[in-house]
Amino acid sequence: MRRRAFDYRRPVRRRFSCWIWSLLLLFVIGGSILFVVQHNHREEDHVESPLLEINSRKESVIHESSRNFTDEILSARSYARQISDQMTLAKAYVIIAKEHNNLHLAWELSSKIRSGQLLLSKAATRADPVSPNEAEPIIKSLSGLIFKAQKAHYDIATTIMTMKNFIQSIEERGYAATVQSTVLGQLAAESLPKSLQCVEIKLTSDWLQNKSMIELAEYTREYSPRLVDNNLNHFCIFSDNTIAVSAVINSTVSNTEHPTQLVFHVVTNGVKYGAMQAWFFSNDFKGAIIEVQNIEDFTWLNSSYSPLVKQLHDNPGVEPNYISLLNHLRFYVPEIYPFLEKIIFLDEDVVVQKDLTPLFSLDLHGNVNGAVETCLESFHRYYKYLNFSSPLISTKFDPQACGWAFGMNVFDLIAWRKANVTARYHYWQEQNADWSIWKMGTLPPGLLAFYGLTEPLDRRWHVLGLGYDSSIDQRLIETAAVVHFNGNMKPWLKMSIGRYKNLWQRYVNQSHPHLRYCLTTS
């Protein structure tokens, strides 16, 4: 048979192999499965999204309900804030209405203010925000009354002036309350427990009944050369608290190698003079000399010499805690002891734990006052004690100058007389006659009088704060030469800090018959 030419042959049909068909089938099945799964997933998302939205709303509601009421009152959009603002404005209109004798309007405003205060108090107690239903009637009624007050010609200028006066009166009352609190705290700190008052009464009785004791005290004061011997170590204490002074002296002589080289000069007032003398005559202080003087015998300390005494005479109603003459005697040390060259001043509320005699050989580099500085914290700098808005202060003193502490001070009396520190103290007392530079205390005038004349001592010589700070490092207390119970919690009071009380009590003669009797009967 004759074959066709190559170009005219019929093409052969090609068939797909089995593995290709299997692969296509798998793709179809897989696509179907993915379609079904995706469809179901969309339906689940559609169903779950409202649930998530509902849950998120619930969480936001819970969060809002547990919202702190302070945040609520500070929020500009809260009902509590609106009520609070309206109450503040309403209070101003109450004052204005009373001044204009519109007592009915003042009563209406006061009534709505009380309702607002009650609502805010309830909201704060339950820790929930003020609801619209609760707030709406009060806001509407207050708005109506405020509009009524404005129509009564209480214009905005009058309102602003009244609010300024109202704020000023609040500030003045706040300041008065602060001063009163300070004075009452100081009064509590300076008051004696009944047991110690009992001791002083019995000691005074002993003094008045024992003439030989009186004669011996006068003879010792007039004829004892040790009182003016500059080869001995002299200390001065000004106080009307017999037991406190006794603890200071006892702790000092107990921590020195040569107590017979110590001389203590005590000045008290006329009421406590007899008790002081009787106590120191009836107790042994290891051979130390103790001189007790009565401030009323200082005839030179009069109103013509001392501005402080003049202020006391001119203002007999001044609270004695503001300007106690005994406390201010520390500025007259050279006048009280004209023959002495160096002396250590001790406050009545200190306890001595180390030998202080090395301080007498300490070089003060020409300065008058050796003291421990207290400017480790910012609030012990000059600007915290003095009024630097006064040109007298701002032009002469550095507001960032470091403060220092009274309580344990080394005074070079030769340098004192040369610098005439007492005259500097007098000058500042005269400038402060209207209390414009400082309000109370002896430290502010001390900072002024001894400015540029103070030698900083090692901090371990004098540790402060035992009368108010219960968290002082024990290692600091143990290494301190002197610990100071400055503050209102004095160690002889029931409100003293228990952790420190034994530091003071161990230097009190508990075996004295008067003290034992008064402690058991009071």
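**Helix packing**

Mentor: Start with α9 and α10, which are oblique to each other. Under 35 degrees counts as roughly parallel, over 145 as roughly antiparallel, 65 to 115 as roughly perpendicular and the rest as oblique. This is a predicted model, where local features need pLDDT of at least 70, side-chain atom pairs count only at pLDDT 80 or more, and totals for chains, interfaces and linings use all residues. Residues are numbered from 1 along each chain as its sequence is written, and side-chain values use heavy atoms, without hydrogens or water.

Trainee: What's the angle between α9 and α10, and how far apart are their axes?

Mentor: About 40°, with the axes 10 Å apart. α9 covers residues 242-254 and α10 residues 273-281.

Trainee: Which residues meet there?

Mentor: From α9, Thr-242, Ile-243, Val-245, Ser-246 and Ile-249. They meet Ala-275, Met-276, Trp-279 and Phe-280 of α10. Contact means heavy atoms within 4.5 Å.

Trainee: New pair. How do α3 and α4 run relative to each other?

Mentor: Roughly antiparallel. The axes of α3 (residues 79-99) and α4 (residues 103-126) cross at roughly 155° and come within 9 Å. Residues making the contact include Ile-83, Met-87 and Val-94 of α3, and Leu-109, Ile-113 and Leu-120 of α4.

Trainee: Switching to α19. Which residues are buried?

Mentor: His-514, Leu-515 and Cys-518, in a helix spanning 513-521. Buried means under 20% relative accessible area, exposed over 50%, partly exposed in between (1.4 Å probe, protein chains only).

Trainee: Why do they count as being on the same side of α19?

Mentor: Because they cover an arc of only 95° around the axis. α7 (194-209) is part of what covers them.

Trainee: And which exposed residues does the face turned away carry?

Mentor: Pro-513 and Thr-520.

Conventions:
Axes fitted to C-alpha atoms, helices over the stretch in contact; angles between N-to-C directions. Helix = DSSP H or I, 4+ residues; strand = E, 2+ residues; numbered from the N terminus. Arc of directions from axis to C-beta.
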